[in-house]
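Welcome! Please take a moment to look over the chain and its ligand before reading on.

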Amino acid sequence: MKSDRDRPVAIIGGGASGTILAAHLAMRGVRSVLVEGGGRTARGVAYSTTEPAHLLNVRAEGMSAWAGEPDHFARRFEAEGGDARGFAERRLFGQYLGEMLGEARAGGNVQVIEATAIDARREGEAWAIRLDSGDMLEADHLVLAIGNQEPELLSSFAGAGARFIGNPWGAEAQAAVRELAAGGGNALLIGTGLTMVDLVLSLDAAGHNGKIVALSRRGQVPRAHADFDPSAVELDELPGGSLRGMWRWLRRRSAEIGWRAAVDSLRPHSHALWQSLDLDQQQRFLRHARPWWDVHRHRIAPQVAEVIARRVAEGRLQILAARITGSRATSDRIEVEIRRRGGASPETMTFDYAFNCTGPLHSISRTRDPLLRSLLDAGTIRPDQLGIGIEVDEHSRAVGGSDVWAIGPLTKGRYWEIIAVPDIREQAAAIAEDIARELSE
Ligand SMILES: Cc1cc2nc3c(=O)[nH]c(=O)nc-3n(C[C@H](O)[C@H](O)[C@H](O)COP(=O)(O)OP(=O)(O)OC[C@H]3O[C@@H](n4cnc5c(N)ncnc54)[C@H](O)[C@@H]3O)c2cc1C
């Protein structure tokens with residue numbers, strides 16, 4: 001037998017991906033240790049919010065952790081008085097994951113360790129994983145479930161001081177939201193995607209009545225969900241292998257059946273379509289098509305879109321297509337130089353706080369995660385061709401590594417659409433199956 005069954009599978013990262021995988025392994029009778037270093041076990045970044053205004057951006061009926069039991073989460077939501085077609089609070093989904101993990105722990109197949117993994121190396125047949133608590137963990141199989149990387153450091157804010165909030169998910173951001181709400185100050189949000197939406201909701205819920213400016217190069221904002229008649233399409237009806245061809249197809253189909261139906265009809269085929277593009281075309285997608293794709297594909301709940309629209313109509317949220325050319329801290333505020341798209345000269349605006357809402361770091365080689373850094377430096381794992389995640393094979397096994405898997409956002413390079421729960425649960429099931437098969441050999 002290749003593996004020692006006494007050694008558990010080590011899952012590093014206890015967010016949605018790690019938790020769902022632990023439950024899938026437990027269901028197959030495989031023991032795992034879930035290592036979570038951010039104090040967010042079973043919640044991760046997305047579901048640890050305590051803000052009721054933060055809603056899921058997928059209908060409850062799509063959020064089951066088990067592909068074979070599609071209404072698993074919807075039933076939980078309905079028990080709280082929700083509607084399967086509705087959008088639950090994200091914190092409820094966190095509770096759901098917590099309950100799932102609780103069941104797996106009660107069954108004796110999952111152990112949780114609250115610590116950060118800072119290094120992992122192969123010692124003979126086993127992985128020796130060093131934790132920041134000073135403890136060592138031994139495992140035969142290592143799964144990286146560490147989620148998205150923290151946002152990129154923005155060079156134009158290098159001298160901006162403490163009023164520039166680099167991590168919109170941290171305690172500093174929460175304190176800044178409270179201060180802005182109490183004093184009615186003005187906020188700059190750099191980025192106009194889902195993170196910007198979260199910040200606007202937090203400010204709104206806290207009673208903030210100051211002004212918010214949100215900007216990005218194109219000023220594109222996530223669109224709202226709405227009902228539509230689904231219209232399935234077969235993979236062989238699609239022009240795979242050609243970004244231009246797919247784009248034309250999408251435009252034609254959108255005109256015929258509406259863009260929501262057209263975009264969503266690609267979902268079952270997204271991995272195959274992505275993999276049909278060569279490197280150059282994938283790069284072109286990231287450069288040119290991605291802003292459009294993101295806001296149409298990753299839509300927000302209608303009630304969330306209403307908050308955004310209301311603030312815009314009231315003149316309390318301004319969304320700009322612009323870029324930042326510089327910033328400087330004054331005695332009590334932050335001055336930012338902004339150049340609007342197509343605008344002749346830059347203008348200076350003053351804010352009480354600026355928040356980095358640009359989303360996760362996209363260049364994996366600049367990661368600040370110590371474990372990832374150690375594995376990359378040792379050549380145990382390597383960046384994918386696009387440099388946005390790590391290279392994995394069709395089983396989500398790290399290429400070049402020995403018994404290392406990755407799940408969720410780290411595998412974006414191979415799958416692209418692999419950050420939402422409906423995709424992650426399929427990947428978790430496949431990895432659990434792969435590990436269980438190897439253990440039985
Ligand atoms: C704000 C937000 C809202 C979203 N809303 C939805 C939604 O409504 N529906 C949907 O389907 N998808 C949604 N998503 C996308 C998706 O569900 C998440 O991206 C998904 O939860 C990814 O989970 P994860 O566990 O891979 O990553 P994360 O949630 O980032 O969890 C990774 C965990 O790993 C830990 N960690 C990292 N490094 C180490 C280390 N070295 N040692 C130990 N622990 C470590 C971190 O502390 C973290 O808790 C949302 C994402 C975000 C960011």
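This report goes from the whole chain to the ligand and then to one glycine.

The model is predicted, so local features need pLDDT of at least 70 and side-chain atom pairs count only at pLDDT 80 or more, while totals for chains, interfaces and linings use all residues. Residues are numbered from 1 along each chain as its sequence is written, and side-chain values use heavy atoms, with hydrogens and water left out.

**The whole chain**

The chain holds 14 helices and 15 strands; these are DSSP runs numbered from the N terminus, with helices (H or I) of at least four residues and strands (E) of at least two. Its radius of gyration, taken over C-alpha atoms, is 22 Å, which agrees with the value near 22 Å for a compact globule of 441 residues. That globule rule is 2.2 Å times the number of residues to the power 0.38. Along the principal axes, the C-alpha atoms fill a box of roughly 70 × 55 × 50 Å. Of the 441 residues, 52% count as buried, meaning under 20% relative accessible area (1.4 Å probe, protein chains only).

**Around the ligand**

There are 37 residues around the ligand, and S17, E36, Y47, N57 and I419 come nearest; a residue is near if one of its heavy atoms lies within 4 Å. By class, this shell has 21 nonpolar, 11 polar and 5 charged residues. Here Ala, Val, Leu, Ile, Met, Phe, Trp, Tyr, Cys and Pro count as nonpolar, Asp, Glu, Lys and Arg as charged, and the others, Gly among them, as polar. The largest share, 4 residues, comes from α2, and α1 (16–27), β2 (32–36) and α14 (421–440) are among the elements that each supply at least two.

| Side chain | Distance to a ligand oxygen atom |
|---|---|
| S17 | 2.6 Å |
| E36 | 2.7 Å |
| R40 | 3.2 Å |

Taken alone, the ligand exposes 980 Å², and the protein buries 91% of that; accessible areas come from the Shrake-Rupley method with a 1.4 Å probe, and for residues only the protein chains shown count as cover.

**A closer look at G191**

Where is the place of G191? G191 sits in the loop between β9 (187–190) and α6 (194–205). With a relative accessible area of 10%, G191 is buried. Leaving aside neighbours within four places in sequence, G191 is in contact (heavy atoms within 4.5 Å) with M196, A214, L215, S216 and C357. G191 and G359 are 168 residues apart in sequence, and their C-alpha atoms are 7.6 Å apart in space.

How values were computed: A polar contact is a pair of N or O atoms within 3.5 Å; within protein, one must be able to donate a hydrogen and the other to accept it, and residues adjacent in sequence count only if both atoms are side-chain atoms. Buried means under 20% relative accessible area, exposed over 50%, partly exposed in between (1.4 Å probe, protein chains only).
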